[in-house]
Amino acid sequence: MTITINGQRHEVATDASLAEAMRVFGAPERGVAVAVDGAVVPRARWADTVLHEEATVEVLTAVQGG
């Protein structure tokens, strides 16, 4: 199925979990927050969160600065 991650279309397996999609995308293990269709998903729920066709996933990285 097709999902959008940070504005780019990606193909993932039907009923893929968010954790699987993050592996496909190559998201870092730490320092990121992820939202699916505008709702933040805690890391502890990534494996339990099943994506749907046309889901929109936003991956945000922490940035330090001043």
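Two strands count as paired if DSSP finds at least two bridges between them, and helices (H or I, at least four residues) and strands (E, at least two) are DSSP runs, numbered from the N terminus. The model shown is predicted, so local features need pLDDT of at least 70 and side-chain atom pairs count only at pLDDT 80 or more, while totals for chains, interfaces and linings use all residues. Residues are numbered from 1 along each chain as its sequence is written, and side-chain values use heavy atoms, with hydrogens and water left out.

View 1. Strands β3 and β4 run antiparallel and are joined by 2 bridges. Across this pairing, A35 faces V40 of β4, and V36 stands opposite A39, also in β4. The two strands form a hairpin with 2 residues between them, and D37, which lies in the turn, has a positive phi of about 50°.

**View 2. Strand β3 and its partner β5.** The pairing of β3 with β5 is antiparallel and extends over 5 bridges. Here A35 stands opposite E58 of β5. Strand β3 is mostly covered, since 4 of its 5 residues are buried, where buried means under 20% relative accessible area, exposed over 50%, and partly exposed in between (1.4 Å probe, protein chains only).

**View 3. The whole sheet.** An open sheet is built from 5 strands in the order β2-β1-β5-β3-β4, with mixed pairing. Strands β2 (8-11) and β4 (39-40) stand at the edges with a single partner strand each, so one side of each has no neighbour in the sheet. As background, strands of a sheet pair through backbone hydrogen bonds, either parallel or antiparallel.

View 4. In helix α1 (residues 18-25), the buried residues are L18, A19, A21 and M22. Seen down the axis of α1, these residues fall within an arc of 160°, so they line one face of the helix; the arc is that of the directions from the helix axis to the C-beta atoms. On the other side of α1, R23 and V24 are exposed. The buried residues of α1 pack against β1 (2-5), β3 (32-36) and β5 (56-61). After the helix comes G26, whose phi is positive, near 80°.

**View 5. The nonpolar core around M22.** A nonpolar core is a set of buried Ala, Val, Leu, Ile, Met, Phe, Trp, Tyr and Cys residues joined through side-chain atoms within 4.5 Å. The largest such core has 19 residues, of which I3, L18, M22, W46, L51 and V57 touch the most other members. Two or more residues come from each of the elements β1, α1, β3 and β5, and α1 gives the most, with 4 residues. Leaving aside neighbours within four places in sequence, M22 is in contact (heavy atoms within 4.5 Å) with I5, A27, V34, W46, V57 and V59.

**View 6. The protein as a whole.** Read along the sequence, the elements follow the pattern β-β-α-β-β-β. The radius of gyration is 12 Å, close to the 11 Å that the globule rule gives for 66 residues, so the protein is as compact as a globular protein of that length; this radius is taken over C-alpha atoms, and the rule is 2.2 Å times the number of residues to the power 0.38. Of the 66 residues, 38% count as buried.
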